[in-house]
Amino acid sequence: MGIVTRLPERRAVARLTQAMLASQVGVSRQTINSIETGRFEPSLSLALKIAKSFETSVEELFALAD
């Protein structure tokens, strides 16, 4: 069971690049790319930071895959 993310869509709506989001939450652009492509599952603290940067909940950005 993995995680699915709405991060690419939310980032596009906010007109943020991966690098811009990475800078906001204190990680590398590669980390954001890995989250978006499903190669990396963010820690709880990182998921919370990302959600806060979009002023939304973690559940709006991430969900368990079936």
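Reply: Let's start with a word you'll need: a residue counts as buried when its relative accessible area is under 20%, as exposed when it is over 50%, and as partly exposed in between (1.4 Å probe, protein chains only). Helices (H or I, at least four residues) and strands (E, at least two) are DSSP runs, numbered from the N terminus. Keep in mind that this is a predicted model, where local features need pLDDT of at least 70, side-chain atom pairs count only at pLDDT 80 or more, and totals for chains, interfaces and linings use all residues. Residues are numbered from 1 along each chain as its sequence is written, and side-chain values use heavy atoms, leaving out hydrogens and water.

Our part is helix H4, which covers residues 44-53. Leu 46, Ala 47, Ile 50 and Ala 51 are its buried residues. Look down the axis of H4 and these buried residues fall within an arc of 135 degrees (taken from the directions from the helix axis to the C-beta atoms), so they line one face of the helix. Now turn to the other side of H4: Leu 44 and Lys 52 are exposed there.

What lies over the buried residues? The cover includes helix H1 (7-13), H2, H3, helix H5 (58-61) and strand E2 (62-64).

Next, Ser 53, which also sits in H4. Ser 53 has 29% relative accessibility, so it counts as partly exposed. Leaving aside residues up to four places away in sequence, Ser 53 touches Leu 21, Gln 24 and Val 25, where contact means heavy atoms within 4.5 Å. Just after H4, Glu 55 takes a positive phi of about 50 degrees.

Two of the covering helices also meet each other. H2 (residues 18-25) and H3 (residues 29-36) pack at about 110 degrees, with axes 8 Å apart; axes are lines fitted to C-alpha atoms over the stretch in contact, and angles run from 0 to 180 degrees between N-to-C directions. That makes H2 roughly perpendicular to H3 (65 to 115 degrees; under 35 is roughly parallel, over 145 roughly antiparallel, the rest oblique). Among the residues making this contact are Leu 21 and Val 25 of H2 and Glu 36 of H3.

Glu 36 also forms a salt bridge with Arg 11, the closest N and O atoms being 2.6 Å apart; the term means a side-chain nitrogen of Lys or Arg within 4 Å of a carboxyl oxygen of Asp or Glu. Both Glu 36 and Arg 11 are buried.
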